[in-house]
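Here is a brief structural report.

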Amino acid sequence: MQAIILAGGLSRRLGGVPKAGLLLDGQTLLARTVDAAADFLAAEPATSIGDGRRPAPIVVVGPVDRIAEWLATAKSGAATVAVQEDPPFAGPAAGIAAGLSALTEDAGDAGYVLVLACDMPHAGAIVELLAPKLASCAPGEGVMAVADGRKQPLAAIYPLAELHNAVGAARAAHRLENASVFSLIANVNIKECAVPSGLAADIDTWADARAQGMGAGPADAEGQQLENHDEALQAWTKKLLEAFEIADIDVDVDAVLNLAGVAAHSIVRPAAPLTTFVAGLAAGLAAGTGQASEATAMAAALGLARKLAAAEAHVEPAAAVPPVAPDAQTPAGN
């Protein structure tokens with residue numbers, strides 16, 4: 001058993017503040033995740049490497065020059081290997097590929113690999129639920145956390161040989177950069193492991209961070225961004241609305257960002273702005289032609305786009321689409 005921790009995102013919805021460095025209970029999110037992986041691996045037999053034996057490795061994928069800083073608060077003292085995906089910030093599928101290369105150079109394709117995103121504050125509790133489920137898996141089968149019907153591909157244990165084959169096929173087809181993890185693992189046999197929804201909560205926005213009671217790291221520019229990010233988004237939205245002379249319309253910023261996140265995770269990352277643009281266009285056409293009010297048209301467009309994006313990953317949306325008027329279910333007559 002080995003582990004890959006992904007910490008290489010751009011955190012656009014956090015204003016560029018790295019998720020890995022956010023603090024919760026005196027630890028960075030990356031340190032908490034590495035500790036969770038280390039505790040899990042400590043219960044597994046040591047991996048035979050060359051003439052000696054050492055604990056199974058943990059590979060952290062992200063900006064190599066900052067990983068040591070983010071791991072300063074780790075309690076386990078686990079040895080880690082730091083690598084970065086190529087090209088940098090090319091998405092989680094590319095991150096898994098980079099981490100996998102660092103593992104298989106030493107250990108071959110035997111066994112399993114625990115894959116975790118660094119932005120799940122309760123990763124340790126999730127791993128505790130995944131571990132016993134793995135015992136009932138067939139050879140070549142992995143296990144993935146599922147919360148409220150929503151699959152969590154970055155909270156999973158994969159069979160190493162099968163994951164290596166999937167990465168090789170994606171690399172040969174030039175489908176790693178900015179690809180979704182769901183597309184990468186489409187042919188890997190996975191058993192689902194239901195987990196409480198609260199355990200699978202991740203950090204995509206400052207609202208998510210505050211809901212988990214966390215702040216930025218040292219009191220520097222990142223900390224300042226934590227205080228000002230939400231206000232900056234609201235101010236920018238207001239400026240846009242005024243520029244387009246629609247200042248009387250209320251925009252649900254969180255709903256738009258949520259849609260962008262689902263599209264990025266389920267399809268490819270560039271799908272996020274494209275999906276939100278098309279949803280906004282559909283809402284505007286529906287409202288402009290009198291099919292529905294602005295608020296109803298916007299809710300219908302965002303809901304439909306989110307449902308479609310989630311279906312691309314064969315995942316049901318985590319929350320029900322808000323009820324809307326029957327004539328607004330398909331904005332702009334689509």
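## Salt bridges

A salt bridge here is a side-chain nitrogen of Lys or Arg within 4 Å of a carboxyl oxygen of Asp or Glu. The model is predicted. The structure holds five salt bridges. Lys19, Asp119 and Asp204 are linked in a network of them. Asp119 has a relative accessible area of 7%, so Asp119 is buried. Lys19 counts as buried because its relative accessibility is 18%, and the cut-off for buried is under 20%.

Two other pairs can be set beside this one. Lys151 and Glu192 form a salt bridge at 3.9 Å, N to O. The pair again links distant parts of the chain: Lys151 is in strand S10, Glu192 is in strand S11 (residues 190–194), and 41 residues separate them. Lys151 is partly exposed at 25% relative accessibility, and Glu192 is partly exposed at 45%. Glu69 and Arg66 meet at 3.2 Å, N to O, in a salt bridge. Both lie in helix H2 (residues 64–70), three residues apart, about one turn of the helix. Glu69 is partly exposed at 43% relative accessibility. Arg66 is partly exposed too, with a relative accessible area of 24%.

## Cysteines

How many disulfides does the structure hold? The count is zero. Cys137 is in no disulfide; the nearest cysteine sulfur belongs to Cys193 and is 9.2 Å away. Cys137 counts as buried at 13% relative accessibility. Cys118 counts as buried at 5%.

## Fold and burial

The protein has eleven helices and eleven strands. Of its 334 residues, 47% count as buried. Take contacts between residues at least 6 apart in sequence: 72% of them join residues at least 24 apart.

Gln152 gives a local view. Gln152 lies in strand S10 (residues 150–159). Is Gln152 buried or exposed? Gln152 counts as buried, because its relative accessibility is 13%. Leaving aside residues up to four places away in sequence, Gln152 touches Met120, Met144, Ala145, Ala147 and Ala200.

## Surface

The protein exposes about 15800 Å². Carbon and sulfur atoms supply 56% of that area. Leu274, Phe277, Val278, Leu281 and Leu285 form a nonpolar patch on the surface. Together they have about 500 Å² of accessible area. Leu274 is found in helix H10 (residues 271–288). Leu274 has a relative accessible area of 54%, so Leu274 is exposed.

## Confidence

The average pLDDT is 80, and 82% of the residues score at least 70. Over residues 47–53 the pLDDT is below 50. Beyond near neighbours in sequence, that stretch has nine contacts in the model.

Residues 315–334 also have a pLDDT under 50. For them the model has 39 contacts beyond four places in sequence. Where pLDDT is low, the predicted coordinates should not be read in detail.

Definitions and conventions: Residues are numbered from 1 along each chain as its sequence is written. Side-chain values use heavy atoms; hydrogens and water are left out. A disulfide is a pair of cysteine sulfur atoms within 2.5 Å. Buried means under 20% relative accessible area, exposed over 50%, partly exposed in between (1.4 Å probe, protein chains only). Helices (H or I, at least four residues) and strands (E, at least two) are DSSP runs, numbered from the N terminus. Contact means heavy atoms within 4.5 Å. Accessible areas come from the Shrake-Rupley method with a 1.4 Å probe; for residues, only the protein chains shown count as cover. Patches are made of residues with over 30% relative accessible area and no salt bridge: like charges are joined within 9 Å, nonpolar side chains (Val, Leu, Ile, Met, Phe, Trp, Tyr) within 5 Å. pLDDT is the predictor's confidence in each residue, from 0 to 100.
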